[in-house]
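Subject: Handover of a structure

Dear colleague,

Please find the structure below, followed by an account of what was found in it.

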Amino acid sequence: MTNSSIVLRESRYHHIKAMLARLRLDSSARLVVLVDKDGQQIAVHGELGDLDTTSLASLAAGNVAATGGMAKLIGENEFPTLSHEGEKESIHISVIGRVLLLVVFDDRSSLGLVKLRSKQISHELAKTFIEIEQESAAAAADGGALPFTGITDEEIDSLFSPAS
Amino acid sequence: MTFINYASREINCKIVYYGPGLCGKTTNLQFIYDSTAPQAKGKLISLATEADRTLFFDFMPLELGTVRGFKTRFHLYTVPGQVFYEASRKLILKGVDGVVFVADSQEERMDANIESLSNLEENLRAYGYELMKLPYVLQLNKRDLPNVIASPDLTAELQRKGEPVIEAVASTGEGVFDTLKAVAKQVLTELRKS
């Protein structure tokens, strides 16, 4: 690939889920979602209900990209946090390196508390993602570790037979 | 940027439909959405103006199936085609794994195609990508209209690197899935190499 892929191992995933669970509890939030800046959902924890978190992830990334573009126009590198306050539900987004930490909360919490707890966990998340990036680069260099290495044309073709 | 999640056993890739205004990018996505079984797709999100022109992007997640125990999911995006949305158009390309260029086959849109293709190359370069190295498909859309340029002439003008060229009528679905297949196959083939 022209840009680096992210490879998330199970142990890392469970560590991230535990961090999100802790943040959700500490901030009395409804839901915590971790999203890649390109819009891919990495992990989610909390009251999901019928919320479409895939769309939420994509829109959050678009939102951060758009405000980041505005930041550059006025001479800032980026806006590290974004908040959207609604009547009942609100969203707070923190930009942490290449990932976005998105917290959905209602009147059981407050913007101040969510901001504080998000900031407290951001260093640990940043450190974890630097390590994940290093692992991903190593996995790419050692192609044997990736699931699609050596995949045959027949295997790829098999994906398309039902869709056509 | 492909995202491989061993915990949920998923591989996620990003495909962007690019092209001049009103060339049929959103129509491609709409047809894919309408023709796909509910369990294989998520919502189609359209950030459009009141006049139904794409303002920021359209997005839909699509699950193709399972290979080697991993679900393959494609996130399909369109860009806003209108020239003055340049800033937001560029943002959508970030992290792209494959591109479909939707060309408008009508004679009067030839200049717009050339301008948009050159804009694509420029915007890719800004992120450090090269069109020549990226999974890429050229779709010649609106083949049903009366004033179209002959396919070989359009291909000679717009083809960059021997990429698959697919004739399409996105409004009826002709060529839409062939285009998607052609780009998705290239993306998965790239994963084999990585």
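Two strands are said to pair if DSSP finds at least two bridges between them. Helices (H or I, at least four residues) and strands (E, at least two) are DSSP runs, numbered from the N terminus. The model is predicted: local features need pLDDT of at least 70, side-chain atom pairs count only at pLDDT 80 or more, and totals for chains, interfaces and linings use all residues. Residues are numbered from 1 along each chain as its sequence is written, while chains are lettered from A and ligands numbered from 1 in the order in which they are written.

**Where the chains meet**

S1(A) is joined by 3 bridges to strand S1 (residues 3-5) of chain B, and the two run parallel. Within this pairing, Ile6(A) stands opposite Phe3(B) in S1(B).

Two residues are in contact if their C-beta atoms, placed from the backbone, lie within 7 Å. Chain A gives 39 residues to the contact, and chain B gives 41 residues. On the side of chain A that touches chain B, two or more residues come from each of strand S1 (6-8), helix H1 (10-26), helix H2 (53-73) and helix H4 (153-160) of chain A. The largest share of that side, 8 residues, belongs to H2(A).

**Chain A as a whole**

Chain A contains 4 helices and 6 strands, and from the N terminus on their order is β-α-β-β-α-β-β-β-α-α. Its C-alpha atoms fill a box of roughly 55 × 40 × 30 Å, taken along the principal axes.

**Helix H3 of chain B**

Helix H3 (residues 110-126) of chain B has 17 residues. A residue is buried if 20 or more other C-beta atoms lie within 10 Å of its own, exposed if 12 or fewer, and partly exposed in between, with C-beta atoms placed from the backbone. In H3(B), the buried residues are Asn113(B), Ser116(B), Leu117(B), Leu120(B), Asn123(B) and Leu124(B). Seen down the axis of H3(B), these fall within an arc of 130° (taken from the directions from the helix axis to the C-beta atoms), so they line one face of the helix. They pack against strand S2 (10-18), helix H2 (86-92), strand S6 (98-104) and helix H4 (151-158) of chain B. The face of H3(B) turned away from the buried side carries exposed residues, including Asp111(B), Glu115(B) and Arg125(B). Just after H3(B), Gly128(B) takes a positive phi of about 85°.

Terms used. The expected span of a helix is 1.5 Å times one less than its number of residues.
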